[in-house]
Amino acid sequence: MSENVKAPKEPLFSKKNKKLVSEPLNDNNPVTIQVLGICSALAITVSVEQALVMTASVLAVLAAGNVVISLLRNLIPSRIRIIVQLVVVASLVIIVNEILKAYLPDMAEKLSVFVGLIITNCIIMGRFEAFAMANKPWPSFLDAIGNSLGYGIVLVLVSIIREIFGAGKIFGIQLFGDRIEGTGLYSVGYMDNNLIILAPFALFAVGLIIWVQRARNKALIEDH
Amino acid sequence: MDYVNILIKGVFIENMIFAYFLGMCSYLAVSKTVKTAVGLGAAVIFVLGVTVPVNWLLENYVLKEGALSWMGAEYADIDLSFLSFIMFIAVIASIVQLVEMLVEKFAPALYGALGIFLPLIAVNCSILGGALFMQERQYSTIGEATAFGIGSGIGWFLAIVAIAAIREKIKYSHVPAPMRGLGITFVITGLMGIAFMSFSGINLGGSEEKEDNKDQVTAVVDDTDNTDDENH
């Protein structure tokens, strides 16, 4: 009798579940398509290292948060769901913040308020609202992985552009010779573009990424 | 006079959108028409104007090191500042819930237009960012904190109304198809950001103490956006 009641069990990596991970990487990217998590994407993309640490923090918070919210989804009254969600995220972010301060103090200082602002990173709340509140823990976990990786891809792309052309470095290694001593490319008159380091360029870079992505996939083009 | 300085600084020089990129998500998503932009902008001014002073009280009488000394000498060396994230966000979330109920009751049309973005004011980075900057800059009175909150709110309001007006007009121009909508909005925001950078050199002539605060703030910006000083 119990066999009739039980729904057929879905394999852990079914096609549907794989799609949850792969879609946010491109066609449903959280930054360029869903317009979530822009603030941090713009503010901390000066160096690739910062972008990677930020992605890892968001991945940890989103994966844990999505699972917790998904487990609690039937217990949360909808009137106060936002407060419940925020408390879950805030506790997770406090943990991440303390870990960063303990093991990567330099990085924690560079990221300054932006670690705290993971709480209000719209990716997190957006995925809670749109996915975890309506789905089981395992798909929610995969959705979290997919979305934070999609977020990470954009962050890393932008930061690679900004670090190479703005600072002439990658992972802190100087690419084109030493600027102050004027060796390498600098000796023949190459200059780093200081505009690229400034915050507004991050917006241009994301705009360009959107342009390339939508030119390749016409289905994503907006009417206006 | 100090209040006016802080207010103007919040609106132009330290504009939430153009100087710190806080609150970009709702800024990009709700700026399709001027009408909804005005509604959301007004809600943000209100929420910032209420939450920043409330969080200032919380910071100064509960969280900060030694803040609990009003309860008695034995509490004087308690430092609860690691709890600030969760306390600030709890205050913000409850006030936003309140605003949501009020708007739903008194302006249902606006409620429909704002859709999911009304609850998302709670996670609008500019609101929590306002609280965190308030904590970092250590405003000395609740009046200054309020002026800062309202000023930042007005700055955010100006930014979203400006971009909404531009987006309404840009419908009539020939933007390359893949850039339509989101892409061109990013580029316009970048250009406006460059324009707003011209405010950054303005010194409003506040007192000594204010100067110190400003230095702290610029130090944060250097850390996050502007590493070129180190590279030169």
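Predicted model: local features only at pLDDT ≥ 70, side-chain atom pairs only at ≥ 80, totals over all residues.

User: How many helices and strands does chain B have?

Analyst: Helices are DSSP runs (H or I, at least four residues), strands are E runs of at least two, and both are numbered from the N terminus. Read from that end, chain B goes α-α-α-α-α-α-α-α-α-α. The count for chain B is ten helices and zero strands.

User: And how many helices and strands are in chain A?

Analyst: From the N terminus, the order in chain A is α-α-α-α-α-α-α-α-α-β-β-α-α. That chain has eleven helices and two strands.

User: What percentage of chain B counts as buried?

Analyst: Buried means under 20% relative accessible area, exposed means over 50%, and partly exposed is in between (1.4 Å probe, protein chains only). For chain A, with 224 residues, the buried part is 50%. For the 232 residues of chain B, it is 52%.

User: Among contacts in chain B between residues at least 6 apart in sequence, what percentage join residues at least 24 apart?

Analyst: Contact means heavy atoms within 4.5 Å. In chain A, residues 24 or more positions apart make up 74% of the contacts with a separation of 6 or more. In chain B, contacts joining residues at least 24 apart come to 76%.

User: How are H3(B) and H7(B) oriented to each other, roughly parallel or roughly antiparallel?

Analyst: Helix H3 of chain B (residues 34–63) packs with helix H7 of chain B (residues 142–170) at an angle of about 165 degrees, the axes being 8 Å apart. Axes are lines fitted to C-alpha atoms, for helices over the stretch in contact, and angles run from 0 to 180 degrees between N-to-C directions. Under 35 degrees counts as roughly parallel, over 145 as roughly antiparallel, 65 to 115 as roughly perpendicular and the rest as oblique. H3(B) and H7(B) are therefore roughly antiparallel.

User: Which classes of residue make up the contact of H3(B) with H7(B)?

Analyst: Here Ala, Val, Leu, Ile, Met, Phe, Trp, Tyr, Cys and Pro count as nonpolar, Asp, Glu, Lys and Arg as charged, and the others, Gly among them, as polar. The contact of H3(B) with H7(B) has 23 nonpolar, six polar and one charged residues.

User: At what angle do H3(B) and H6(B) pack?

Analyst: Residues of H3(B), including Val44(B), Leu48(B) and Trp56(B), meet residues of H6(B), among them Ser126(B), Ile127(B) and Met134(B). The residues of this contact divide into eight nonpolar, five polar and one charged. With axes 9 Å apart, the angle between H3(B) and H6(B) is about 35 degrees.

User: Is Ile127(B) buried or exposed?

Analyst: Ile127(B) lies in helix H6 of chain B, which covers residues 125–137. Beyond its neighbours within four places in sequence, Ile127(B) contacts Val44(B), Val47(B), Leu48(B), Thr51(B), Ile92(B) and Ile121(B). With a relative accessible area of 0%, Ile127(B) is buried.

User: What is the relative accessibility of Gly66(B)?

Analyst: Gly66(B) lies in the loop between H3 and helix H4 (84–106) of chain B. Not counting residues up to four places away in sequence, Gly66(B) touches Ala76(B) and Ile78(B). Gly66(B) counts as partly exposed, at a relative accessibility of 23%.

Terms used
Residues numbered from 1 in each chain as written. Chains lettered and ligands numbered in written order. Heavy atoms only, no water.
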